[in-house]
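Biologist: Hi! I have a model open and would like to talk it through with you. Could you show it first?

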Amino acid sequence: MQAVKAMVRQPAALFGLIVVVLVVVLAIAAPLIAPYSPDEQMFDGLTLEGAPLPPSAQFLLGTDTLGRDLFSRLLYGARTSLVIGLVANGIAVTIGLLIGILSGYMRGIVGGALMRFTDLMMAFPALLLAIVLAALLRPSLWIVAMVIALVNWVQVARIVYTETRGLVERDFILAERSLGAGHGRILFHHILPHLIPTAIVWGTLGIATTVLLEATLSFLGIGVQPPTPSWGNIIFESQSYFQAAPWLVFIPGAVILLTALSFNLVGDALRDILDPTQRGRG
Amino acid sequence: MAFLLLRRLVQTALILLGVAAITFLLLYALPADPARMIAGRSATAQTVANIRRELGLDQPLLVQFWTYLQGLFQGDLGRSYAQKTDVGALIAARLPATLILMAAGIAVEVVLGVFLGVLAAVRRGGFVDRFVMMASFVGVSAPQFVAALLLLYVFAVTLAWFPMSGFGTPAHVVLPALTLGVLGAGWYARMVRSAMIDVLNQDYVRTARAKGLSSARIIFRHALPNALLPIIAMIGIDIGQFMSGVVVVEAVYGWPGIGQLAWQAIQQVDIPIIMGVTLVSALAIVLGNLLADILAPLVDPRIRAR
């Protein structure tokens, strides 16, 4: 609650928060708001020559190349983006937390090996890896989420590792250890709670990355497959048509930008609020 | 220093080996079958089996990986399945185009980033400052392909100042470089801004002011060189990021670089090319970081002293 109050005081963060809430509400309420079914190819949704219609009173944001209502598809696309964002990023943050804590806490072979593996993944061309994996697997919403999770945990692991290393050296951990606490107790009762702010911040910032990555994969035609609408594949389906029907590319594009921007703004504000040592930097 | 460099080089080799191993395992574990892809849909099981034997795909995975590594140590990246030519040669032919694009993109980022960063630092809290802080967020939040399509729509379709796609003249490089540069410039500006603010608060800058030097001279001659160090590290990281993301921009602009090569190979399950491009990209990431580490002490004597 305090975090929300602090955020309301910064115009940029407030803007981000409003957009995030709006996107979530619109995604959940999509069936109630959407004027048409997202998959319905309407006869009056195309011109007599078969071209898509520009925005009008009947079709708020125009129609796509198959005569489907763009506004309705964007609403349902928000669901796709948010589901992938939450699932993929949730998995990525969990893996990152786990590997980061273990490699930071454990000395010796296991910790060292985990960290070397993370270093190795840092050198991996992440986007290329995601594109290769997504293209060669049968693309579906869940595969896309998995692929994104697989490339996105690395950064979180790196940060959690550094923080854990710092925590392990602190006196209160030493005190706990000398009282005879086991590894499990130290890890889950004393180290993990200190990492929750980091997890929240990256849980938010990561959604921006995920939304962008999903859009990119779908734009290349290897992400979420039509007819399931996703912001990326709406652009993919109409990109060859973008000179004649620019709204089909730039309205979804603006929606992607606005959503990613808002999650970034909220995440950045959360970082300032939850971690006072970072305040005022950058 | 020599020892440190040697250690970094060994590390680099190990990382590349690791990247090769993981990519190899992943590619062969995936359900896509290159033999079937080459044979086509209507091929008989016999044809597919023959192709598989010809490519050595019937061998156990470890044997295949060992063969690949042996080639790698001799500088041989293998032969493309679809194009039947040397992968090393294919990549070498495409690399210059990608490097041109990278150099142009990073140049836009640095010029724009330094300019905006200095302006923001000097007029701290002013309009430019707030604009830069916001723009850097917009830059990282904007999908590259949308920015690319927007630039195409405005400057190639509507205004017709630049060609839609292709390669060859300086005009072709403008839009792809702007796509990469404008989106990335925000973070450069942020870095320069905070480094500049630190430097401008230092005593020697006050001394320069007290001597009565013009503010232009103080900013560009005295303060800026000391604020540029973070830029070197950023360029190092950028080189790696760029190599990883080049597929998208090259796809939109039809730019004949290694990203396009990789994209075609992915669609044909041409594993040797995918492996090759992945390794080259990983090499770029590692070398980018290495370059930043080597250049930093050369540029800044303060680091050398440590």
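This is a predicted model: local features need pLDDT of at least 70, side-chain atom pairs count only at pLDDT 80 or more; totals for chains, interfaces and linings use all residues.

Biologist: Thanks! How many helices and strands are there in chain A?

Modeller: Chain A has 11 helices and 0 strands, so from the N terminus on its elements read α-α-α-α-α-α-α-α-α-α-α. Its C-alpha trace spans about 80 × 45 × 30 Å along the principal axes.

Biologist: And how many in chain B?

Modeller: Chain B has 14 helices and 0 strands. The C-alpha trace of chain B spans about 85 × 55 × 30 Å along its principal axes.

Biologist: What percentage of chain A counts as buried?

Modeller: Of its 282 residues, 45% count as buried. A residue is buried if 20 or more other C-beta atoms lie within 10 Å of its own, exposed if 12 or fewer, and partly exposed in between, with C-beta atoms placed from the backbone. For chain B, 39% of the 306 residues count as buried.

Biologist: Now the interface. How many residues of chain B are in contact with chain A?

Modeller: 37 residues of chain B are in contact with 34 residues of chain A. Two residues are in contact if their C-beta atoms, placed from the backbone, lie within 7 Å.

Biologist: What classes do the residues on the chain B side fall into?

Modeller: The side of chain B that touches chain A has 28 nonpolar, 8 polar and 1 charged residues. Here Ala, Val, Leu, Ile, Met, Phe, Trp, Tyr, Cys and Pro count as nonpolar, Asp, Glu, Lys and Arg as charged, and the others, Gly among them, as polar.

Biologist: Which residues touch the most other members of the largest nonpolar core?

Modeller: In that core of 157 residues they are A130(A), I131(A), I148(A), Y188(B), V192(B) and A262(B). Helix 8 of chain B gives the most to this core, with 15 residues. A nonpolar core is a set of buried Ala, Val, Leu, Ile, Met, Phe, Trp, Tyr and Cys residues joined through C-beta atoms within 7 Å.

Biologist: I'd like to zoom in on A130(A). What does A130(A) touch?

Modeller: Leaving out residues up to four places away in sequence, A130(A) touches V147(A), I148(A), V151(A), L213(A) and L217(A).

Biologist: At what angle do helix 6 and helix 7 of chain A cross?

Modeller: The axes of helix 6 (residues 126–136) of chain A and helix 7 (residues 141–168) of chain A cross at roughly 155° and come within 9 Å. That makes helix 6 of chain A roughly antiparallel to helix 7 of chain A. Axes are lines fitted to C-alpha atoms, for helices over the stretch in contact, and angles run from 0 to 180 degrees between N-to-C directions. Angles under 35 degrees count as roughly parallel, over 145 as roughly antiparallel, 65 to 115 as roughly perpendicular and the rest as oblique.

Biologist: Which residues make that contact?

Modeller: Helix 6 of chain A brings A126(A), L129(A), A130(A), L133(A) and A134(A), and helix 7 of chain A brings I143(A), V144(A), V147(A), I148(A) and V151(A). By class, this contact of helix 6 with helix 7 of chain A has 10 nonpolar, no polar and no charged residues.

Biologist: What about helix 9 and helix 11 of chain A, how far apart are their axes?

Modeller: The axes of helix 9 (residues 183–219) and helix 11 (residues 247–274) of chain A are 8 Å apart, at an angle of about 165°. Helix 9 and helix 11 of chain A are therefore roughly antiparallel to each other. The contact of helix 9 with helix 11 of chain A has 15 nonpolar, 4 polar and 1 charged residues.

Biologist: Switching to V269(B): where is its place?

Modeller: V269(B) is in the loop between helix 12 and helix 13 of chain B. Its phi is near 50°, a positive value in a residue other than glycine. Most residues other than glycine have a negative phi.

Biologist: Is V269(B) buried or exposed?

Modeller: V269(B) is buried, because 21 other C-beta atoms lie within 10 Å. L69(B), in helix 4 (residues 61–73) of chain B, counts as partly exposed, with 14 C-beta neighbours inside 10 Å.

Terms used: Residues are numbered from 1 along each chain as its sequence is written. Chains are lettered from A and ligands numbered from 1 in the order in which they are written. Helices (H or I, at least four residues) and strands (E, at least two) are DSSP runs, numbered from the N terminus.
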